[in-house]
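Here is a short briefing on one protein model. Topics are grouped so that each can be checked against the structure.

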Amino acid sequence: GLLMSKTVLIVEDYADTRTMMRYLLQSFGYTVVEAANGQEAVEKARANTPDIILMDLSLPVMDGFTATQTIRKF
C-alpha cells in the first residue's frame, strides 16, 4: 500500500549524520524532524508527535537515555 507520510524524529548531535539520515528518509517519503541534543529531542517530540524516534544515546545537554525516559512519560 501507499506510505502515509509518517514523521520520524532524528536525534543526533553530528549535523552531517542528521543530514544523511534526513535525505535517506525523505527519499522514502517520510517527514523528518531533527534534534541535536536530548533536551531538543524532548521539545520536538512533544511538539510534533513523531511516529518513530531514531535516538543517539550519547548526546550533549541531555543524553539519549534520559530523553527517552522523559518522552515515554508523555
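The buried residues of α3 are Gly64, Ala67 and Ile71. Buried means under 20% relative accessible area, exposed means over 50%, and partly exposed lies in between (1.4 Å probe, protein chains only). Viewed down the axis of α3, its buried residues fall within an arc of 60°, so they line one face of the helix. That arc is taken from the directions from the helix axis to the C-beta atoms.

This is a predicted model: local features need pLDDT of at least 70, side-chain atom pairs count only at pLDDT 80 or more, and totals for chains, interfaces and linings use all residues. Residues are numbered from 1 along each chain as its sequence is written, and side-chain values use heavy atoms, with hydrogens and water left out.

**More on α3**
- The face of α3 turned away from its buried side carries the exposed residues Phe65, Gln69 and Arg72.
- Cover for the buried residues of α3 includes α2 and β3 (52-55). Helices (H or I, at least four residues) and strands (E, at least two) are DSSP runs, numbered from the N terminus.
- Asp63 caps the N-terminal end of α3, with a side-chain oxygen 3.0 Å from the backbone nitrogen of Phe65.
- Ala67 is in contact (heavy atoms within 4.5 Å) with Gly38, Val42, Met55 and Met62, leaving aside its neighbours within four places in sequence.

**The nonpolar core**
- Which residues make up the largest nonpolar core? The twelve are Leu9, Val11, Val33, Ala35, Ala41, Val42, Ala45, Met55, Leu59, Met62, Ala67 and Ile71.
- The elements giving two or more residues to this core are β1 (7-11), β2 (31-35), α2 (38-48) and α3 (64-72).
- α2 supplies the largest share of this core, three residues.
- A nonpolar core is a set of buried Ala, Val, Leu, Ile, Met, Phe, Trp, Tyr and Cys residues joined through side-chain atoms within 4.5 Å.

**Polar and charged groups**
- Glu34 is found in strand β2.
- The side chains of Glu34 and Arg18 are joined by a polar contact of 3.0 Å. Such a contact is a pair of N or O atoms within 3.5 Å; within protein, one must be able to donate a hydrogen and the other to accept it, and residues adjacent in sequence count only if both atoms are side-chain atoms.
- Not counting residues up to four places away in sequence, Glu34 touches Leu9, Ile10, Arg18, Arg22, Glu40 and Lys44.
- The charged end of Arg22 sits over the ring of Tyr23, 5.0 Å from its centre. The test is NZ of Lys or CZ of Arg within 6 Å of the ring centre and within 35 degrees of the ring normal.

**Aromatic residues outside the helices**
- Tyr30 lies in the loop between α1 (15-27) and β2. Its relative accessibility is 28%, so Tyr30 counts as partly exposed.
- Tyr30 and Lys6 are 24 residues apart in sequence and 5.3 Å apart in space, C-alpha to C-alpha.
- Phe74 sits in the segment after α3. At 48% relative accessibility, Phe74 counts as partly exposed.
- Leaving aside neighbours within four places in sequence, Phe74 is in contact with Val42, Ala45 and Arg46.

**Positive phi in loops**
- Thr49, in the loop between α2 and β3, has phi near 45°, a positive value in a residue other than glycine. Thr49 is exposed, with a relative accessible area of 61%.
- Val61, in the loop between β3 and α3, has phi near 70°, again positive and not a glycine. At 70% relative accessibility, Val61 counts as exposed.
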